[in-house]
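The sequence and structure come first.

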Amino acid sequence: MGAFIEKPRFTCPLGGALATVGALPRAVAVLHASQGCGGNSIGAIMQGAGHTGSGYCGGASIPTSAIGEQQIVFGGAARLEEQLESTLEVVDAELLVVISGCTAEIIGDDIEAVLRNYRAAGGGRPPLIHASGAGFKGNSYFGYDSVLKSLFRDYVVPNPSKKKGKVNLWGLPPALDVFWEGNLIELRRVLEGIGLTVNTFFTKRDTLVELKNAADAELNIVVSPVNGVAAAEVFKEVHGVDHLVTDLPIGAKATANFVREVAQRLTLDQARVESFLAAEKASYYHFFNRISDSYADLDFQRYLVIVADTTYAVALSRFAQHELGWVTSLVAVTDPTDPEDRPSVLRRFEGGLPDPERTVAFETDTSQVSARLFERWPKPDGSRYYRPFSPAFVIGSRLDKDFADSIGAGHLSVSYPISNRFVLNRGYAGYTGALHLVEDVFSVLVAKR
Amino acid sequence: MSYLHLKVPPTRDTRLRPCNAYGGSLCNLVDGQKTGCLSANGRSFTQATGCQLTLSMGMAASIPNTVVIYHGPVGCGAGSLALSGQSKESQLARGNDDAVGRVWMSTNLSEVDIVSGGEKKLEAAILEAERRFRPHAIFIGNTCVPAIIGDDIDNVATRLQHRVNARIIPLHCEGFKTRFVATAYDIVYHGILRYLLNGERDREPILRDEAAQIAYEQRAKRTVNLLNVGSMGYVDEVELVRLLNAIGLEANVYPCFTSPEKFVKVKDAALSISICATHDDYFVEHLKEHYGVPYVLNTIPIGTDNVRLWLLDVADFFGLREEALKVIAVEEAELNKALAPLKKAFEGKTAFVSTGEIRAGAQACMLENDLGMKVVGIRAHHYDEFGEIVFESFKGREDVAINVAANQPFEQVNLIDRLKPDVFLGHGNSNVWAAKQGVPTLPIYGPNNSYLGYKGVFEVATRLERILANPNWYNTLGETVELPYKKSWYEQDPYAYIRQDGEAA
């Protein structure tokens with residue numbers, strides 16, 4: 001699948017899986033891969049994702065079998081076994097996840113057999129699961145799903161009884177969504193506001209015990225049209241829990257829609273939901289409307305270019321259209337999409353863009369974003385009344401800064417990679433997140449004052 | 001030792017037989033290296049390191065007007081995602097106003113390509129790189145997967161060369177082929193030697209009249225190649241060029257941050273000057289053999305002792321010893337005056353050093369001899385025959401822990417826990433593990449700071465003094481963060497997982 005890519009905005013499944021395991025409390029990844037696969041990924045995961053850091057056992061600490069020529073010829077399973085045993089001795093882990101890379105999978109190491117032997121040894125060892133991270137199988141979004149699928153299949157304990165009002169929520173891959181933790185915290189806050197119990201797996205408050213007991217949920221909520229959907233199918237198949245696939249909500253309008261969608265699905269008390277939404281809305285616009293004087297006096301409406309993966313592209317388009325009142329001229333969707341899936345991705349933009357067909361471009365190559373804009377907006381032709389693409393703003397990644405500069409547009413890194421900002425507990429989802437987004441975007445506009 | 005007839009140069013594993021896993025005394029390390037008996041050492045517990053691909057392509061990508069193509073699955077080269085801005089800054093710092101930073105592509109090999117081969121995708125990427133960017137050179141970095149399935153990148157390069165203006169440079173930097181990341185330097189230099197310096201595409205100086213030709217040749221006699229593979233920031237380049245100018249030499253810096261069309265002049269220089277044998281031995285030896293350019297590569301100019309050694313090496317070649325000694329006397333006097341008020345801060349302080357062998361040895365020496373600190377431990381990424389000279393002053397010092405390891409933070413944390421240094425000077429990705437133990441850290445190299453020459457001594461001293469002035473952030477980190485290692489690990493021998501059967505990485 002797919003041709004070459006210029007400056008791809010993601011890494012391989014192994015990188016995505018590493019970021020995912022690294023975001024689970026006290027879980028440790030063991031790479032069964034070439035020695036450099038870890039080192040190659042950590043820059044992308046750490047500095048590329050708002051300087052998220054090495055965490056518990058990331059960075060240079062990731063245990064790695066370091067397959068070399070010898071293992072490629074004679075097999076690497078014994079080396080993996082040895083590495084697992086020594087990891088148990090040195091590293092304090094509550095869950096081990098073997099992530100296999102390209103070399104291990106090409107030479108066909110029997111990783112499942114290694115897992116069986118490990119489990120057979122028993123003796124109070126931390127549980128061990130396996131997720132495929134082979135680079136040729138896809139990209140880091142695939143790696144996120146790969147880990148989730150293994151967790152749901154091999155770690156989550158089956159439980160036929162379901163708890164009313166308990167939900168699991170995912171769809172935001174750690175690192176690839178640089179704001180994943182802040183986003184999860186806010187979406188949980190919102191859903192708790194309507195009386196739900198929410199399991200988000202990847203925040204500081206979550207524990208492996210809760211992940212293990214996730215099978216008694218009433219509903220799984222996937223806040224991305226693409227990421228985590230395959231894992232939700234596995235969850236349904238293994239544990240019989242239905243899922244709701246929806247978009248990442250940013251801002252009062254989108255979040256209210258999200259909450260109503262969930263409430264309807266779970267048949268919650270409508271009055272309670274509406275009273276919660278009313279209070280949130282009032283609080284939100286109390287702050288949001290502080291931009292009004294500058295917006296009105298300085299004309300802070302902008303033409304907008306969005307460069308982001310499907311999840312963020314849809315969410316940001318809606319927010320720009322309905323909350324900021326900006327005019328979006330190009331949405332470059334940067335994660336690879338199968339041509340067959342494109343019509344359904346385009347449908348996601350309905351209601352968020354006046355003309356999705358015209359505005360959305362599927363473009364994985366960084367330098368070509370500019371070309372996609374000037375297919376939609378006339379290039380300067382020397383005429384006196386040429387209409388420049390101005391005033392303009394680019395919400396993209398760090399890679400789009402040069403493009404923004406080239407058209408004299410403001411720029412904010414929101415999509416991956418973000419190496420020019422630090423991100424701690426900041427999120428852009430929900431109500432609080434949207435206010436952060438407004439702060440960050442409008443701060444760019446007044447940065448020189 | 002010419003290897004230029006080969007498509008793929010030998011790895012460090014076979015060419016230099018270095019050691020990558022050792023713990024103990026310096027004496028046994030030096031002896032063991034000489035007999036070659038340490039080169040088979042491995043570990044039964046290993047942690048993520050870099051690979052030669054990442055380093056090769058990082059080095060290639062620093063060269064302006066180039067495109068690097070990672071031939072492999074989409075994740076190979078993902079480290080670039082964190083560095084695109086920094087590459088541009090480094091080029092801007094050197095006066096390249098048109099800097100665009102790192103331009104890279106991935107051939108994005110899929111499962112289908114594993115079966116049917118990836119050469120077609122590589123072809124398409126090369127042609128598109130030429131069309132979009134019009135670069136001077138296109139580096140192809142071969143990764144593990146195409147090497148295993150048997151893609152012939154040399155053949156693709158040869159086939160397409162007549163269709164593109166850029167010089168196509170295939171680099172065989174597959175990660176699984178070597179345990180020594182430093183092989184990357186040889187790989188990139190091999191590409192430069194084979195494809196940029198050699199052959200009909202060399203852009204020789206335009207024909208000059210006789211007077212101009214004589215002037216050029218005279219100048220060349222006093223012109224040196226100063227080699228920077230990326231570990232020298234611009235401020236360091238400026239400092240070393242200043243010192244070379246001071247004894248009457250001119251210097252051109254290669255290969256990082258220098259546009260490929262300028263490389264041809266490398267062959268005309270009177271001398272090649274390396275600041276690190278780990279980086280440059282392959283290149284300077286080939287330059288000597290093929291183009292008659294001699295070289296010096298004994299040491300890295302860090303700390304007054306090694307700056308002196310380095311500058312005298314260069315000066316002796318040109319018969320400029322007297323001039324150099326004068327420069328050294330003036331510089332050292334001025335530096336010592338500046339250091340004097342800082343030294344109080346270092347009294348009784350201990351330090352731990354961790355980085356490549358040459359830099360580690362020289363930096364440790366600088367901390368003791370220039371600042372009066374006491375070094376309690378030295379870690380080197382690997383150890384080979386070039387290490388002896390910089391470790392000279394630590395011979396017989398049983399009080400200094402010597403560890404050879406590429407990262408491997410588990411050994412580091414164990415050592416730090418025992419030795420409790422006041423400050424840690426380390427390579428990227430290793431500092432944080434010392435910091436998490438509450439130890440203040442100073443990055444041992446970096447693109448924006450000064451480390452080399454006399455200025456480097458002063459700058460490192462001032463930065464260390466500042467870091468020691470308020471270690472509160474480190475203390476808090478040490479108190480509030482949890483390391484992933486079992487308590488029992490700290491009670492074990494830090495070298496418990498080093499073994500000598502050559503099995504593990």
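In chain A, helix 11 meets helix 12 through A:Ala252, A:Lys253, A:Ala256, A:Val259, A:Arg260 and A:Ala263 on the helix 11 side and A:Val273, A:Glu274, A:Leu277, A:Tyr284 and A:Tyr285 on the helix 12 side; contact means heavy atoms within 4.5 Å. By class, this contact has 8 nonpolar, no polar and 3 charged residues (Ala, Val, Leu, Ile, Met, Phe, Trp, Tyr, Cys and Pro count as nonpolar, Asp, Glu, Lys and Arg as charged, and the others, Gly among them, as polar).

The model is predicted: local features need pLDDT of at least 70 and side-chain atom pairs pLDDT 80 or more, while totals for chains, interfaces and linings use all residues. Side-chain values use heavy atoms, without hydrogens and water, residues are numbered from 1 along each chain as its sequence is written, and chains are lettered from A and ligands numbered from 1 in the order written.

| Helix pair | Axis angle | Axis distance |
|---|---|---|
| helix 11 (residues 252–265) and helix 12 (residues 270–288) of chain A | roughly 165 degrees | within 11 Å |
| helix 3 (residues 52–61) and helix 9 (residues 183–196) of chain B | about 45 degrees | 8 Å |

Helices 11 and 12 of chain A are therefore roughly antiparallel, whereas helices 3 and 9 of chain B are oblique (under 35 degrees is roughly parallel, over 145 roughly antiparallel, 65 to 115 roughly perpendicular, the rest oblique). The chain B contact includes B:Leu55 and B:Met59 of helix 3 and B:Ile187 and B:Val188 of helix 9. By class, the contact of helix 3 with helix 9 of chain B has 7 nonpolar, 3 polar and no charged residues.

Technical notes. Axes fitted to C-alpha atoms, helices over the stretch in contact; angles between N-to-C directions. Helix = DSSP H or I, 4+ residues; strand = E, 2+ residues; numbered from the N terminus.
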